[in-house]
Amino acid sequence: MKIKLNLGDTLFEPMSKNIGEIIKMTDHPDGKLVKIRWRVEDHLPHDTEHFYKKLLRSIKNGELEYSPNQDV
């Protein structure tokens with residue numbers, strides 16, 4: 001299964017039940033950086049940055065669940 005991450009795609013982290021949305025993708029000398037805004041119930045949203053390849057690996061290993069943006 002070939003996955004291509006895009007702005008607006010949703011990620012779900014089952015262990016913590018966090019829901020994240022890809023809000024920004026930027027080029028970096030070491031690869032593409034993906035910024036995710038995580039929304040946690042009863043807490044303020046927070047942003048994290050991850051390398052594109054590491055994020056794909058986490059999805060393929062089942063650590064994160066991926067849902068593409070439906071507005072395309």
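Which residues does Trp-38 touch, not counting residues up to four places away in sequence? They are Leu-11, Glu-13, Asn-18, Ile-19, Gly-20, Pro-45, His-46, Thr-48, His-50 and Leu-64. Trp-38 is found in strand β3. This is a predicted model. Its five strands form an open sheet, and helix α1 packs on that sheet.

**Confidence**

- The protein has an average pLDDT of 92.
- A score of at least 70 is reached by 97% of the residues.
- Confidence is highest in β4, at a mean of 96.
- Confidence is lowest in β5, where the mean is 94.
- Where pLDDT is low, predicted coordinates should not be read in detail.

**The sheet**

- The strand order is β4-β3-β2-β1-β5, and the pairing is antiparallel.
- The edge strands are β4 and β5 (65–67), each of which pairs on one side only.
- On average, neighbouring strands of this sheet are turned by 30° against each other, direction ignored.
- Strand β2 (residues 18–28) pairs with β3 over nine bridges, in the antiparallel sense.
- Within this pair, Gly-20 stands opposite Trp-38 in β3.
- Strand β3 (residues 31–39) is joined to strand β4 (residues 46–51) by six bridges.
- These two strands also run antiparallel.
- Here Ile-36 stands opposite Thr-48 in β4.
- Strands of a sheet pair through backbone hydrogen bonds.

**Trp-38 in β3**

- Trp-38 counts as buried because its relative accessible area is 7%, under the 20% cut-off.
- Its contacts include Gly-20, the residue opposite it in the pairing.
- Thr-48 and His-50 are also among the contacts of Trp-38.
- The C-alpha atoms of Trp-38 and Asn-6 are separated by 16 Å.
- Along the chain, Trp-38 and Asn-6 are 32 residues apart.

**Helix α1 on the sheet**

- Helix α1 touches β1 (10–13), β2, β3, β4 and β5.
- The direction of α1 makes about 95° with that of β4.
- Which residues of α1 are buried? They are Tyr-52, Leu-55, Leu-56, Ser-58 and Ile-59.
- These residues lie on the same side of α1, because they cover an arc of only 160° around the axis.
- The buried residues of α1 pack against β1, β2, β3, β4 and β5.
- On the other side of α1, Lys-53 and Lys-60 are exposed.
- After α1 comes Gly-62, with a positive phi near 85°.

**Ser-58, a buried residue of the helix**

- Ser-58 lies in helix α1, which spans residues 52–60.
- Ser-58 counts as buried because its relative accessibility is 13%, under the 20% cut-off.
- Not counting residues up to four places away in sequence, Ser-58 touches Glu-63 and Leu-64.

**The nonpolar core**

- The largest nonpolar core has 12 residues in all.
- Its members are Ile-3, Leu-5, Leu-11, Ile-22, Val-34, Ile-36, Trp-38, Tyr-52, Leu-55, Leu-56, Ile-59 and Leu-64.
- The largest share comes from α1, with four residues.
- What does Leu-55 contact, leaving aside its neighbours within four places in sequence? Leu-55 is in contact with Leu-5, Leu-11, Val-34, Ile-36, His-50 and Leu-64.

**Two loop residues with positive phi**

- Lys-17 is found in the loop between β1 and β2.
- Phi of Lys-17 is near 65°, a positive value in a residue other than glycine.
- Is Lys-17 buried or exposed? Lys-17 counts as exposed because its relative accessibility is 61%, over the 50% cut-off.
- Asp-42 has its place in the loop between β3 and β4.
- The hairpin of β3 and β4 has six residues between the strands.
- In that hairpin, Asp-42 takes a positive phi near 65°.
- Asp-42, too, is a residue other than glycine.
- Asp-42 is exposed, as its relative accessible area of 73% is over the 50% cut-off.

Technical notes:
Residues are numbered from 1 along each chain as its sequence is written. This is a predicted model: local features need pLDDT of at least 70, side-chain atom pairs count only at pLDDT 80 or more; totals for chains, interfaces and linings use all residues. Side-chain values use heavy atoms; hydrogens and water are left out. Buried means under 20% relative accessible area, exposed over 50%, partly exposed in between (1.4 Å probe, protein chains only). Contact means heavy atoms within 4.5 Å. Two strands pair if DSSP finds at least two bridges between them. Axes are lines fitted to C-alpha atoms, for helices over the stretch in contact, and angles run from 0 to 180 degrees between N-to-C directions. The arc is that of the directions from the helix axis to the C-beta atoms. A nonpolar core is a set of buried Ala, Val, Leu, Ile, Met, Phe, Trp, Tyr and Cys residues joined through side-chain atoms within 4.5 Å. pLDDT is the predictor's confidence in each residue, from 0 to 100.
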